[in-house]
Amino acid sequence: MSPELSLFGAACSMNTAVLFSLIVLYVLLIGYLGWRGWKRTRSGQDYLLAGRSVHPFVMAMSYGAAFISTSALVGFGGIAGEFGMGLMWLVFMNIAFGIVVAFLGFGRRTRSIGQNLNAQTFPEFIGKRFRSNGLKILVALIIFLFIPLYSSVVLISGARFLQEVMMIRYSWALVIFVTVVAIYVIFGGLKGVMYVDALMGSIMIFGMLTLLVLCYAKLGGIVNAHQALTDLAPLAAERLPHEFALGHRGWTVMPEFNSVWWWTLVSSLMLGVGIGALAQPQLAVRFMTVKSTRELNRAILVGSVFILCTAGSAYMVGALSNVFFFHTDKGIASGVRQLAIEAAGGNPDLIIPMFIREALPSLVLYVFSLTMLSAAISTMSSLFHVTGSSIGHDLCRGISGMRRDSLLANRIGVAFGIFVSVVFAMVLPPGFVARGTAIFFGVAAASFLPAYVAALYWKRATRIAVWSSITVGVSVSLFGLVFLHRKEAAGLGICQALFDRTELISIHPWPFVDPFVYALPLSILTLIAVSFFTPKPSEQHLRRCFQRNK
Amino acid sequence: MLGLGDWWIFSAIVGCLAVTAFGVVYGICNWNKGGENPPREKR
């Protein structure tokens, strides 16, 4: 998906002066919060973990805001407009796994073990837990190689938005956007990032809830709106033959079992993105920023409400926009009533911005504009920070053998991470970068999740087993993406060049099964099997790791 | 079913609301549990 290219339509009907003033005010607020972060950053621990004393509201909002990006709101919201409310299962998975399981099952132990071992980053956590500097470097390398692809797509989305709203060139928009974020990430560290995230998260909740309430009000209430959408189901076959062939059967029903869209929804979105969120380094590191489990308990409340209000609203509004376009004059083109995807000219990324522009008061456009900027800035700053800390703290110290942590090295690392993301944003076509996002989620989940779970719960897991598991996870994921999963294999073209076919196995459903589905079990099996054939970890080290978990 | 055409979608929406409700109730019930400071001794 490329939601970054889709927002300019919404910006056109706004008063540029008003929006410009709002953005200036907004940037000043960001500057103030970044300055507060800078004033309170005195050590490497402050810079990397916000001093391990973050307020639960700030932690939860920051976690949620880093989790939900512009792609999730506009991109996936548009997909819901095309394929319907099946995406609500992704919201369920995001809350159930991304918040409840993550905070209860992972957060407490990550915080406790991280504190016992004085780990300050995700690679360092894995490295210290399994007593391997090489493992720390490997995890940091994977983060450094794959996260810039993800951060650059979010960067492009913000820059494209600024380009249209402020009517400036894309390169200038990129420079302005990067400068604002870079200043508070480089100087404010994780404190600056989390303070700003909390502000962004609050704006996102307000903006998306406003959107949902106004959408239901416009369509005659909850049940009437749903019923009108259900009644459009016969049009799926008649008007959208391509989507119908993929398994689309209506906007309030699940896609046909075993169809292409069913596999995409279940394997890539529900499992890949839903469960994959558990192994995102930029999210996992936030568990180590709080003082005690009390903060995590409080953060569960805020985090679950946040995901429901933001992602849940976007997907419901996306699907319901079909009713609006079909039953009002706004969706009529050449005398024919249109569905949302038809009104958007076949581009799902345009559905949400178009709906807001056509259906809602202009005031909502301003709120929505700030919501989109917030979603982009919060996710991007977290990714910049985690990439930079992997370079400055893990790779440089790990390779050079430096014992002391340097605030300057961390800042240089973040600056370098931002530079790499900007280079990606300038040279890669948006389509490639968007695929890079999917690649990162899959690779991170298949490679890090078994190791991360074992670090928290399985004392028998050994260093060699974790090395093997991560290697298998990365290798199988990449093999699947290059040779098996049609979307990426066709885009990359390596399989075509080597074997003269789009993918190696063309039997249904394999070209549509996300590599995560087989890479994760293989990674888990490798971890278990190798652990039983290698010497047990030292009891003394395990006691040190788990001393607070008895 | 709130006007929805499929039990699966209805279940997804109910599931979202239920798991959010769990998060809210859990957060409220454990609001002060798990703090770093040891509890004060009763006199």
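**Exercise 1.** At which residue does α15(A) bend, and by about how many degrees?

*Ground rules.* This is a predicted model, where local features need pLDDT of at least 70, side-chain atom pairs count only at pLDDT 80 or more, and totals for chains, interfaces and linings use all residues. Residues are numbered from 1 along each chain as its sequence is written, chains are lettered from A and ligands numbered from 1 in the order in which they are written, and side-chain values use heavy atoms, leaving out hydrogens and water.

*Solution.* 
- The bend sits at A:Leu320 and is about 30 degrees.

**Exercise 2.** Work out how α6 of chain A bends and how enclosed it is.

*Solution.* 
- Helix α6, residues 88-116, bends by about 55 degrees at A:Ala102.
- Burial (under 20% relative accessible area, 1.4 Å probe, protein chains only) comes next. α6(A) is largely enclosed by the rest of the structure, because 22 of its 29 residues are buried.
- Just past α6(A), A:Asn118 has a positive phi of about 55 degrees.

**Exercise 3.** Which chain B residues is A:Met85 in contact with?

*Solution.* 
- Apply the contact cut-off, heavy atoms within 4.5 Å.
- Skip neighbours within four places in sequence; the partners of A:Met85 then include B:Leu4, B:Ile9 and B:Ile13.

Technical notes. The bend at a residue is the angle between axes fitted to the seven residues ending there and the seven starting there. Helices (H or I, at least four residues) and strands (E, at least two) are DSSP runs, numbered from the N terminus. Buried means under 20% relative accessible area, exposed over 50%, partly exposed in between (1.4 Å probe, protein chains only).
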